[in-house]
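Dear colleague,

I am passing the structure below to you, together with a summary of what was found in it. Please read the summary with the model open.

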Amino acid sequence: MEKRVRVRFAPSPTGGLHLGGVRTVLFNYLFARQQGGDFILRIEDTDQARYVPGAEQYIIDCLHWCGLEPDEGPHTGGSYGPYRQSERRELYRPFAEQLVQQGHAYYAFDTPEELEAKRKEIPNFRYDQHSRNGLRNSLTLPEAEVQALLQQQTPHVIRIKIPEQPETVVLQDMIRGEVSFDTENLDDKVLLKADGMPTYHLAVVVDDHLMEISHVFRGEEWLPSAPAHVLLWRYLGWEAGMPAWAHLPLILKPDGNGKLSKRDGDRLGFPVYAMNWTDPVTGDLTHGFRELGFLPEAFVNMLALLGWNDGSGQEIFSLEELVDRFSIERIHKGGAKFDYEKARWFNHEYIKTASAARLLPFFRDMLQEKGGAVPEEYMLEVIELVKERCTLLTDLWDHSFFFFRQPEQYDTAAVMKKWSAEKEQFFKALADELGQEGEWSEPVFETLFRSLAESRQIKVGELQLPLRVMLCGGKFGPAVFGIAAVLGRAATRERILAALPHF
RNA sequence: GCCGCGUUGGUCAAGGGGUUAAGACGCAUCCCUUUCACGGAUGAAUCACGGGUUCGAUUCCCGUACGCGGUACCA
C-alpha cells in the first residue's frame, strides 16, 4: 500500500516570511490537498543565536492570511508532536550516538577557534575524509583519551563520517530527475552541535522520518546538502522510507541576479514579506503584501505562477483550481525573477472581479481610519463604482474619498478654459430641477441632464467635466453620472450649488 | 577554487526535429471615453555561443560562456 502523503513546511523563526517561503508553503499545501494528504508546520528553531521571539506566531499568521492552514503544527497540535525542534531536543542525540557506534559518525573535539585558525591557514579548508585525520576527533585520538574527554564533558560535536572510499550518491529529484554527487566532494558535516542541539542536517532527517514525511518540497539551495541527507537516511536504516525530493527553483531579484532578499524590496520599492514585520530588536518595520493592499488570493495566485503553470495559458486560478491542476512535472527548473508589476496586475484582476461584499471589510476599515461612518449600502455602491480602477486595496480610498466629503477646493483651471454664462445658467437650472421631488437613478439623472443640455443647445460632453469637478473637486473618479447616482439627488444638488460660486 | 543546478523577448513563459516560435506583464500607437481606468485593435521585442547527429535543429548530444546555489557548531 502506498504511503500516506505527508508534507511539511519547516521554517526557522528568524524574521519575516519571505515570498519564496510562502511559495514553498503553497506547493507543499497544493500537493497535500490534491493527494488527500497532510500538511505539517514544523518550526526549526535549533539555532539559539538566531531565534527571534514572535517570528513563529508571525509565520502562523501569514499562513492563515494566505489561507494555507497546516493540519498539524505547534499551534494546532497533532499526533506527531512536538512540532518545535527545540522541544524535541532530547530526541536527536541517541540517533547521533547510534551513528557513532555504527561507524558512520564520530566525536570531534576541535574548538571553533581551532577550526577558524585552520581556515585562515589553509585556503580551502574543509573538515572531510582527508583533513579529519589530522584533527582532534575520535578517529585520531586514542580510545582512552576520547573516553576521558567525554567523561570530563569536554565540549564536542558529532560529525558524519563520509566514507573513505569514494562512492556516488544518486538521488531522484521529482523536478530535476536523477542528480548525482561524488562523496569525494562531501564534507563531514556537524550533526550534533556542542550545545546538544542538532544541526539542520540531522534534525530534518530524524524529524522527517519520525513524522513520516513522504515528499519534501524545499528550495534549491538545499540541493547541495541533499546527498548528505540521503546518506543519513541510509546509515540510520530508514532509506526504504525516504521521502521523494523536490527542489524548487529560486525566486530571484528583478534586476541583476541572485536570490531575492528583503533588502531588494527596500531598494527597489516593493514588499518581499507576506505581512508587515517589525524587528523586535531594532524596531525596524518591513512592509508586507498584506498591508500594502494585496488580496491574499491574488498574492497566492501570483506565487503559484512563479515557477509553475498548467500549460494552458490560464493565469487566474482560485486556490481550488490550483489544488486541482497542480503538477510537479510542470514546475520549472530555472529560477524566476520576481516582477512586481506583474504581481500588481494579479491584484488588479482580483479586485476588479471581486464582489463589493468581499471588498467591504477592507473598505470599512479604511473609512474608519479616515474617520467616516456611512451606511453599508452606500459603501457597497461606492466600491462597485470604483473597484475596477484599483490595483491595490488602498486605492479604493484614493478613488472614492470625495464620496465622503464635499470638495473644499476645485480644479477651476480645468473648467474655466471653456466656461461660459450659458453653462452657468445650465447648472443653475439643473440644480433647480434637482430641487424637485422625483425618482433617482443613474439613467434618470443622465436623461434629465441630457435633455436639459439639449434644450439649451449645449453639448453634453462639454458639461460633463464641469459637473465632475463640482462633484469631486477635480478631474478624477469614475463615470460622472454614476457618481451623482451614488451621491443622491440632494447631495448632487448641494455640491453643484456649493461649487458654482468658484467658477 | 571545487561541487551542483540552470539558460526561449526587458520579465513570467508555451512549445519541441520541419511552426508566421503561443499567451501574459510591461512598453508604444490607435479606437472607446471630453477625468482616470476598464475594454478593444495594432506594433516593437526572443530560442546564449561553438561544434556535432540529421535532408533539416530553438528542440537531441558534447563542449564553451554566462548566471545562480552550496562550500558554518545558519537554516
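I begin with one residue of this predicted model. Glu212 sits in the loop that runs between helix H6 (200-210) and strand E8 (215-219). Its phi is positive, about 55°, although Glu212 is not a glycine.

A second residue with such a backbone angle is Gln153, where phi is near 60°, a positive value in a residue other than glycine. Gln153 belongs to the loop between helix H5 (143-151) and strand E4 (157-160). Gln153 counts as exposed because it has 7 C-beta neighbours inside 10 Å.

The backbone also contains a cis peptide bond, which joins Gly81 and Pro82 with omega at about -5°. Pro82 is in the loop between helix H2 (55-66) and helix H3 (89-101).

Overall form of chain A

Chain A contains 21 helices and 13 strands. How does the radius of gyration of chain A stand against that of a compact globule of 503 residues? The globule would have a value near 23 Å, whereas chain A has 32 Å. The C-alpha trace spans about 110 × 50 × 40 Å along its principal axes. Of the 503 residues, 36% count as buried. Among the contacts between residues at least 6 apart in sequence, 74% join residues at least 24 apart.

Domains

The domain assignment divides chain A as follows:

- Domain 1 takes residues 6-74 + 209-249.
- Domain 2 takes residues 90-192.
- Domain 3 takes residues 354-403.
- Domain 4 takes residues 412-502.

The C-alpha centres of domain 3 and domain 4 are 24 Å apart. Their contact takes 7 residues from domain 3 and 7 residues from domain 4. On the side of domain 3 that touches domain 4, there are 5 nonpolar, 1 polar and 1 charged residues.

Annotated regions

Over residues 11-21 the chain is 27% helix and 0% strand, with the end C-alpha atoms 8 Å apart. Over residues 357-499 the chain is 66% helix and 0% strand, and 33 Å separate the end C-alpha atoms.

The surface near RNA strand B

How many residues surround RNA strand B? There are 60, and the closest are Ala194, Asn257, Gly334, Arg389 and Gly461. The elements that give two or more residues to this surface are helix H4 (112-121), strand E6 (177-182), strand E13 (336-337), helix H12 (340-353) and helix H19 (460-472). Of these, H19 provides the largest share, 4 residues. By class, the surface near RNA strand B divides into 19 nonpolar, 19 polar and 22 charged residues.

Two loop residues

Phe338 lies in the loop between E13 and H12. Is Phe338 buried or exposed? Phe338 is buried, because 22 other C-beta atoms lie within 10 Å and the cut-off for burial is 20 or more. Apart from its neighbours within four places in sequence, Phe338 is in contact with Leu19, Ile251, Leu252, Pro254 and Leu260. Phe338 and Leu248 are 90 residues apart in sequence, and their C-alpha atoms are 15 Å apart in space.

Leu250 is in the loop between strand E9 (244-248) and strand E10 (251-252). Leu250 has 19 C-beta neighbours inside 10 Å and so counts as partly exposed. Neighbours within four places in sequence aside, the contacts of Leu250 are Gly20, Gly219, Glu220, Glu221, Lys259 and Gly335. The C-alpha atoms of Leu250 and Phe95, residues 155 apart along the chain, are separated by 32 Å.

With kind regards

Notes: Residues are numbered from 1 along each chain as its sequence is written. Chains are lettered from A and ligands numbered from 1 in the order in which they are written. This is a predicted model: local features need pLDDT of at least 70, side-chain atom pairs count only at pLDDT 80 or more; totals for chains, interfaces and linings use all residues. A residue is near a molecule or strand if its C-beta atom, placed from the backbone, lies within 6 Å of it. Ala, Val, Leu, Ile, Met, Phe, Trp, Tyr, Cys and Pro count as nonpolar, Asp, Glu, Lys and Arg as charged, and the others, Gly among them, as polar. The radius of gyration is taken over C-alpha atoms; the globule rule is 2.2 Å times the number of residues to the power 0.38. A residue is buried if 20 or more other C-beta atoms lie within 10 Å of its own, exposed if 12 or fewer, and partly exposed in between; C-beta atoms are placed from the backbone. Two residues are in contact if their C-beta atoms, placed from the backbone, lie within 7 Å. Domain bounds come from an automatic or database domain assignment.
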